[in-house]
Amino acid sequence: MPDTPRGGLRDRLVQRYGELRKRLEFMTGSKDTADDVLHDTWVRLETAQAAPASNPDGYLLRMASNIATDEYRRNRKTTLLDEQEIEALMYIADDAADPERIVAGRSEVARLDDVLDELPPRRRDILVAARLEGLMNRQIAERWGISVSAVEKELRLAMTHCKQRMGDVQAAQSDNPVGRRRRNAE
C-alpha cells in the first residue's frame, strides 16, 4: 500500500516511530500518551483522505498533536468539578500542619540557625545571600569583592558544613528512643 499517499504516511510512521514518539512525549509530558496518540494517528490514517505530503514527518506530527490536543480537551471536560465538589475539597483537613510537625520544624530551624552561627561570617553571609536572598554568584562576588570561584568554594564549604552538622543531629535523634519512635510512627 505504500504507492498511495495514505500508505506512504503509514510506512513513514512506522519508520520514524521512535523519533515521533520522543517529540510527542516532550509535547505531552507522557510516554503513555505519546504511544496512545501515535496509535490513534495510525488508525486515523486508515480512514483519512491523505494527499501527498511534502513533509511527511511534519504532517504526521501535526496530525498526532491535533489528536493529543483533542484528547486533552475531552479529558479536561470530564475532570472539571462541580461547585459542590469544589466546596467539599475546600474543607479537607490538612495533616501537614499538625502540632508535632510544627514543633519538629521549629526545632530544626533553630538547630539550623545554630549551625549557621558556627560558620565564619563571610561564608555565612555568602550562603544567606545565595540561598535566602536568591543572588547570583556573580552578584555575591561583586558585593564581597572576590572572584566567582571563591564564592562557589565558600558556598560548597558552607553547604557541606550544614549538611554534615544537620546530619549529625538527625543521627543523634535516631539513637534517641523518642526520635526513633517518632520516625517509625511516620
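**View 1. A network of salt bridges links R12, R16, E19 and D57.** In this predicted model, local features need a pLDDT of at least 70 and side-chain atom pairs count only at pLDDT 80 or more, whereas totals for chains, interfaces and linings use all residues. Residues are numbered from 1 along each chain as its sequence is written, and side-chain values use heavy atoms, with hydrogens and water left out. A salt bridge is defined here as a side-chain nitrogen of Lys or Arg within 4 Å of a carboxyl oxygen of Asp or Glu, and by this rule the count comes to ten salt bridges. One of them joins the side chains of R12 and D57, with an N to O distance of 2.9 Å. Because R12 lies in helix 1 and D57 in helix 4 (residues 56-79), this pair ties together parts that are 45 residues apart in sequence; helices, numbered from the N terminus, are DSSP runs of H or I with at least four residues. Relative accessible area, computed with a 1.4 Å probe on protein chains only, separates buried residues (under 20%) from exposed ones (over 50%), with partly exposed in between. R12, at 26% relative accessibility, is partly exposed, while D57, at 11%, is buried. A further salt bridge in this view is formed by the side chains of R16 and E19, at 2.8 Å from N to O; R16 is partly exposed at 26%, and E19 is likewise partly exposed, at 38%.

**View 2. The side chains of E154 and R123 form a salt bridge.** The N to O distance of this pair is 2.6 Å. Distant parts of the chain are linked here, since E154 belongs to helix 9 (residues 148-175) and R123 to helix 7, 31 residues apart. E154 is buried, with a relative accessible area of 10%.

**View 3. Helix 7 (residues 121-131) carries the buried residues I126, L127, A129 and A130.** Seen down the axis of helix 7, its buried residues fall within an arc of 165°, so they line one face of the helix; the arc is that of the directions from the helix axis to the C-beta atoms. On the other side of helix 7, P121 and R131 are exposed.

**View 4. Helix 7 crosses helix 8 (residues 137-144) at roughly 145°.** The axes of these two helices come within 10 Å; axes are lines fitted to C-alpha atoms over the stretch in contact, and angles run from 0 to 180 degrees between N-to-C directions. The contact, taken as heavy atoms within 4.5 Å, brings R122, D125, I126, A129 and A130 of helix 7 against I140, R143 and W144 of helix 8. By class, this contact of helix 7 with helix 8 comprises five nonpolar, no polar and three charged residues, where Ala, Val, Leu, Ile, Met, Phe, Trp, Tyr, Cys and Pro count as nonpolar, Asp, Glu, Lys and Arg as charged, and the others, Gly among them, as polar.

**View 5. S65 in helix 4 is in contact with L24 and M27.** S65 itself is buried, at 8% relative accessibility.

**View 6. V14 is placed in helix 1 (residues 5-15).** This residue is exposed, with a relative accessible area of 53%. The C-alpha atoms of V14 and W42 are separated by 9.0 Å, and the two residues are 28 residues apart along the chain.

Key. Lists of a residue's contacts leave out its neighbours within four places in sequence.
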